[in-house]
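Please read them with the structure open beside you.

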Amino acid sequence: MKKAGFLLIAVLLLSVVAAGCMGGSGDSSTKEETLVIFHAGSLSVPFQQLEEEFAKYAEENLGYKVTFQDEASGSVMAVRKVIDLGKKADIVAVADYTLIPQLMMPNFTDFYAIFATNEIVIAFTEHSKYADEMKAHPDRWYEILARDDVSFGFSDPNQDPCGYRSVMVMKLADYYYDKPIFETLVERNTNIYANGSMVIAPKDIQIKNDRVVIRPKETDLTALVESGSLDYYFIYKSVAEQHNLSYVTLPDEINLRDFKMADYYGKVSIYIGSTGKIIQAKPIVYGVTVPKDAPNRELAMEFLKYLLGENGKRIFQENHQDFIWPPVAFGSVPDEIKPLVKVEG
């Protein structure tokens with residue numbers, strides 16, 4: 001009886017092991033992949049949520065266990081990593097869509113989609129100097145920033161669209177308020193200067209005093225404002241909202257939000273020393289592409305579909321950023337995303 005009992009147990013164990021092996025074949029079919037994403041700093045918060053949700057979706061529906069290798073930077077730098085440094089990315093998402101056709105097409109990609117908008121605001125905290133006055137009289141923002149005991153910042157125009165947009169906002173303010181705001185805030189504090197309506201951002205930007213702080217990307221300044229070591233900074237409204245900062249909303253004539261004001265914005269442009277390109281002020285529109293040599297193109301296209309669909313729209317709205325609906329795509333638009341976008345050329 002004992003021998004029979006041992007035989008029965010052995011048979012049962014073998015059957016369990018065999019069943020486990022067969023059942024495990026489904027698990028072994030799950031492929032582990034990494035998606036490399038170069039994106040604008042201002043996309044960090046919505047993209048974190050997007051990636052978390054996509055990872056679950058991919059594991060449940062696509063058979064992929066996805067990890068992400070994110071590199072947040074100024075959008076100019078994100079593009080230059082691909083075109084100048086030869087780094088490979090699966091997704092490139094920038095805060096100024098024009099960087100893609102201007103710098104990446106046709107050699108590095110053959111399409112892009114526009115998917116989100118934003119506006120420039122001036123953000124601060126209750127610890128910022130004259131915060132109560134800024135809240136009570138937001139139309140005096142340029143007078144408060146000009147005070148000798150006030151510090152303010154913006155990102156590097158050579159690396160980041162928020163930087164070159166910020167200085168163009170200050171140049172547009174010259175025309176709107178009919179005051180020398182650009183000279184007072186920019187030229188007196190840095191070597192960035194204006195030649196008529198053209199702003200010149202030298203390749204090597206220099207700061208003349210400790211009143212102005214410039215960092216590679218706009219989100220680098222957030223911690224400085226939150227800690228109280230910087231009073232104010234020019235930033236996207238979505239980032240100010242995401243970090244629960246106070247902010248001044250600027251007039252539509254200068255905030256780069258209003259598509260109806262495109263011609264008005266267009267009177268100002270900027271020469272970017274790092275690229276040798278001239279960029280005209282225009283409404284803020286984000287763009288995304290999959291480079292031609294993306295290491296995981298098939299999975300990258302699935303991520304792009306997730307971004308451009310209802311899930312992306314919801315995630316961006318939850319993170320206080322306006323989404324273009326439907327997104328609009330240009331160039332040799334891949335068949336995978338055509339059902340989700342309006343195709344323009």
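1. Which residues of H3 are buried? This is a predicted model, and in it Ser75, Val76, Ala78, Val79, Lys81 and Val82 of H3 are buried. A helix has 3.6 residues a turn, so residues three or four places apart point the same way. The buried residues of H3 pack against strand E1 (31-40), E2, E3, helix H4 (99-104) and H7.

2. Glu71 belongs to strand E2 (residues 64-73) and Lys81 to helix H3 (residues 75-83), and the two are 10 residues apart. Glu71 and Lys81 are both buried. The charged end of Lys81 also sits over the ring of Phe38, at 5.1 Å from the ring centre.

3. A second salt bridge joins Asp293 and Lys88, whose closest N and O atoms are 3.0 Å apart. Asp293 lies in the loop between strand E14 (285-289) and helix H12 (297-308), and Lys88 in the loop between H3 and strand E3 (91-94), so this pair ties together parts that are 205 residues apart in sequence. Asp293 is partly exposed, because its relative accessibility is 37%. Lys88 is partly exposed as well, at 48%.

4. What is the total number of salt bridges? The count comes to 19. Among them is the pair of Lys338 and Asp335, with the closest N and O atoms 3.3 Å apart. Lys338 counts as partly exposed at 40% relative accessibility, while Asp335 counts as exposed at 59%.

5. The chain is divided into domain 1 (32-117 + 285-343) and domain 2 (120-280). Taken over C-alpha atoms, the centres of the two domains are separated by 27 Å. In the contact between them, 22 residues of domain 1 meet 21 residues of domain 2. The area buried between the domains is about 1700 Å², and carbon and sulfur atoms give 59% of this. Val76, Gln102 and His320 supply 26% of the area that domain 1 buries against domain 2, more than any other three residues. The count of salt bridges between the domains is 1.

6. His320 has a backbone feature to check too. Its phi is near 65°, a positive value in a residue other than glycine. His320 is in the loop between helix H13 (310-318) and E15, and it is partly exposed, with a relative accessible area of 43%. Asn244 is not a glycine either, yet it has a positive phi of about 55°. Asn244 is found in the loop between helix H10 (237-242) and strand E11 (246-249). At 72% relative accessibility, Asn244 counts as exposed.

7. Where are the cis peptide bonds to look at? One runs from Met105 to Pro106, with omega near 0°; Pro106 lies in the loop between H4 and strand E4 (111-117). Another runs from Trp325 to Pro326, with omega near -5°; Pro326 is found in strand E15 (residues 323-331).

8. Trp325 also belongs to an aromatic cluster, together with Phe47, Phe54, Tyr57, Phe68, Phe115, Tyr236, Tyr286, Phe303, Tyr306, Phe316 and Phe323. The structure holds 23 aromatic pairs. One of them, Phe316 with Phe323, is tilted, at 5.5 Å centre to centre and 55° between the planes. Phe316 and Phe323 are both buried.

9. Lys171 is in helix H7 (residues 161-177), and at 10% relative accessibility it counts as buried. Lys171 and Phe182 are 11 residues apart along the chain, and their C-alpha atoms are separated by 5.1 Å. Leaving aside neighbours within four places in sequence, Lys171 is in contact with Phe182, Ala194, Gly196, Ser197, Val199 and Val268. Lys267, the other lysine, lies over the face of Tyr264, at 4.1 Å from the ring centre.

Notes
Residues numbered from 1 in each chain as written. Predicted model: local features only at pLDDT ≥ 70, side-chain atom pairs only at ≥ 80, totals over all residues. Heavy atoms only, no water. Phe/Tyr/Trp six-rings, centres within 6.5 Å; stacked < 30°, edge-to-face > 60°. Buried < 20%, exposed > 50% of the residue type's maximum accessible area, 1.4 Å probe, protein only. Lys NZ or Arg CZ within 6 Å of the ring centre and 35° of its normal. Salt bridge = Lys/Arg side-chain N within 4 Å of Asp/Glu carboxyl O. Helix = DSSP H or I, 4+ residues; strand = E, 2+ residues; numbered from the N terminus. Contact = heavy atoms within 4.5 Å. Domains from an automatic or database assignment. Buried area = accessible area lost by both parts, 1.4 Å probe.
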